[in-house]
Amino acid sequence: MLTDLNCLLAGLVRLFGPLALFVFWHKRTGARLYPAVIAFMVCFPTFFVGTAIRSGFSHDNPIVYYIQQGLLFGVVEEGVKYLMFRFLLEKYDNRKDAVTYGIGHSAYEGVGGGMACLVLIGLNRAAPEIFWFNLWTTIESLALTISLTVLIFYGIRMRKSGVTLPVAILVHALCNAVKGIFIEPSAIVISAVATACVSFAAYRCWRAMYVSFEQEL
């Protein structure tokens, strides 16, 4: 019974954690909703294309496979973010829109993880720490996705995409690859350090994009 409860809570956290942050962010800052909707919808074809390309990768060398996978999704996901803000969302030029987009992207990723937790209910196959692991995964995913989106947004607005886009791709690739290459404790530590570093960089970029309150409205 306790295991089933943990599966339920883990699934709810993955499914509704980003939504809760989205509501809080909108209420707290008045940020526009549209970027999050676009991010969620764009993820469908983005992940479909990425998965289709990945299906052609060889599994002969696991390390090479996970490095290729990390780079693939780094290029695809961060590249799509760049294209969205550069061309489709060019009128959404408030730095708060970058955070909203990042939350929407993370919400899409949470759907698969949340459903994977819920289907374990009643099977007695879940690890006892499933809730805490997925709580941490949700927090880290939100922090990483939002931070990478802010970096890309900053690069576009400050005309520094030649630096910020490759950095976003490489950090994304690193965090993706280590989860397959290393055993769980090491992967968690490496990914957490990378997320902390990119979050600090995104915070600095966020501060650098400061404008007056009147312009932020």
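1. Helix α5 gives the most to the lining of the largest pocket, with 11 residues. This is a predicted model, where local features need pLDDT of at least 70, side-chain atom pairs count only at pLDDT 80 or more, and totals for chains, interfaces and linings use all residues. Residues are numbered from 1 along each chain as its sequence is written, and side-chain values use heavy atoms, with hydrogens and water left out. Helices are DSSP runs (H or I, at least four residues), numbered from the N terminus.

2. On the pocket itself: the volume is about 910 Å³, and 36 residues line the space, with R14, E109, T137, C175 and K179 nearest its centre. A pocket here is an open set of points on a 1 Å grid over the protein atoms alone, where a 1.4 Å probe fits, with protein on both sides within 12 Å along at least five of seven lines; lining residues have an atom within 4 Å of a point. Volume is the space filled by probe spheres set on the points, which are joined across faces, edges and corners.

3. By class, that lining has 12 nonpolar, 15 polar and nine charged residues. Asp, Glu, Lys and Arg count as charged, Ala, Val, Leu, Ile, Met, Phe, Trp, Tyr, Cys and Pro as nonpolar, and the others, Gly among them, as polar.

4. Back to α5, which also holds S147. S147 is buried, at 7% relative accessible area (buried means under 20%, with a 1.4 Å probe and protein chains only). Leaving aside neighbours within four places in sequence, S147 touches V198, S199 and A202 (contact means heavy atoms within 4.5 Å).

Methods:
Helix = DSSP H or I, 4+ residues; strand = E, 2+ residues; numbered from the N terminus. Buried < 20%, exposed > 50% of the residue type's maximum accessible area, 1.4 Å probe, protein only.
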